[in-house]
Amino acid sequence: MIRVENLHRHFGGFHAVDGASLEIADGTITGLVGPNGAGKSTLFNVIAGALPPTSGRVVMDGQDITGLAPHELFHRGLLRTFQIAHEFSSMSCRENLMMVPGSQAGESIWNAWFGRGRIAQEEAALLKKADEVLEFLTISHLKDEKAGNLSGGQKKLLELGRTMMVDAKIVFLDEVGAGVNRTLLNTIGDAIRRLNEERGYTFCMIEHDMDFIGRLCDPVIVMAEGKVLAEGTIDEIKADEAVIEAYLGT
Ligand code: ADP
Ligand code: MG
């Protein structure tokens with residue numbers, strides 16, 4: 001589904017991504033791991049259109065998507081989760097989900113929605129969809145809760161939920177499990193697995209927790225110093241000398 005070809009992203013003289021090449025196959029939950037500073041988040045930012053690459057290409061389903069803006073990628077079904085913006089923290093979970101069609105594309109849809117009159121039918125459909133998403137994520141009881149009152153893990157679930165409001169094909173998750181308690185981590189993991197199995201989502205996820213990665217991801221890609229160092233099952237990469245060395249070296 002996604003092919004990254006010899007991607008570079010430099011910051012001044014520093015090569016954060018230094019010739020990374022990898023593929024994310026349709027239908028997989030692909031893990032992306034590596035020591036701090038390996039260039040994982042920078043790679044995500046380039047793929048998702050938040051940063052232009054210095055050189056190299058990103059191809060989706062055979063089409064060159066290098067440097068496309070996030071909203072163009074969004075329309076192609078390539079999404080990354082975003083932290084819930086401060087200005088949405090006083091809105092309920094349900095309202096946050098209903099905002100999604102416009103939230104990543106900018107203000108224009110917000111204006112269209114509230115400024116130029118609502119279309120009752122569309123709103124009813126959005127409401128139904130939002131409630132289905134909350135149900136799927138097992139957080140229906142939080143539908144009227146303000147997003148700002150959620151725990152860190154519940155916020156992550158809501159962020160994942162926002163990708164379900166549109167027809168996503170591939171979703172990039174950057175440390176969705178960071179700082180989340182075990183119970184919620186399991187809920188998030190279940191949601192990811194079910195989205196993959198039942199809705200056909202492909203995922204690429206950066207995560208530090210190797211147990212979490214091991215339970216969800218196949219294959220796992222290891223990055224170090226801006227390059228892809230290894231790829232394989234969790235057991236293969238854990239036994240890989242170069243990978244062990246990369247982790248010990250930091
Ligand atoms: P990872 O997510 O694997 O921990 P990052 O992609 O966040 O790594 O960062 C890779 C390297 O690039 C780090 O050394 C970081 O300091 C550097 N870096 C990331 N973003 C910038 C930036 N905007 N300007 C300068 N250096 C950056
Ligand atoms: Mg990172």
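This is a predicted model: local features need pLDDT of at least 70, side-chain atom pairs count only at pLDDT 80 or more; totals for chains, interfaces and linings use all residues.

Residues are numbered from 1 along each chain as its sequence is written, and chains are lettered from A and ligands numbered from 1 in the order in which they are written.

Now select the whole of helix 8, residues 182-199. Helices (H or I, at least four residues) and strands (E, at least two) are DSSP runs, numbered from the N terminus. From first C-alpha to last, the 18 residues of helix 8 reach 25 Å, close to the 26 Å expected; the expected span is 1.5 Å times one less than the number of residues.

Next, colour Leu185, Thr187, Ile188, Ala191, Ile192 and Leu195, which are buried in helix 8. They sit on the same side of helix 8 because they cover an arc of only 160° around the axis, the arc being that of the directions from the helix axis to the C-beta atoms. What covers them? Show strand 3 (29-33), helix 7 (152-163), strand 8 (202-206) and helix 9 (210-216), which are among the cover; contact here means C-beta atoms, placed from the backbone, within 7 Å. Just after helix 8, stop at Gly200, with its positive phi of about 75°.

Zoom out and colour by domain: domain 1 is 2-87 + 166-248 and domain 2 is 88-149, with bounds from an automatic or database domain assignment. Their C-alpha centres lie 27 Å apart. The contact takes eleven residues from domain 1 and ten from domain 2. On the domain 1 side, helix 2 (70-75) and helix 8 each supply at least two residues, and helix 2 has the largest share, with three.

Last stop: ligand 1. Select Phe11, Phe14, Ala16, Gly34, Asn36, Gly37, Ala38, Gly39, Lys40, Ser41 and Thr42, the residues around it, each with its C-beta atom, placed from the backbone, within 6 Å of the ligand. Which element gives the most to this shell? Helix 1 does, with three residues.

Notes
A residue is buried if 20 or more other C-beta atoms lie within 10 Å of its own, exposed if 12 or fewer, and partly exposed in between; C-beta atoms are placed from the backbone. Two residues are in contact if their C-beta atoms, placed from the backbone, lie within 7 Å.
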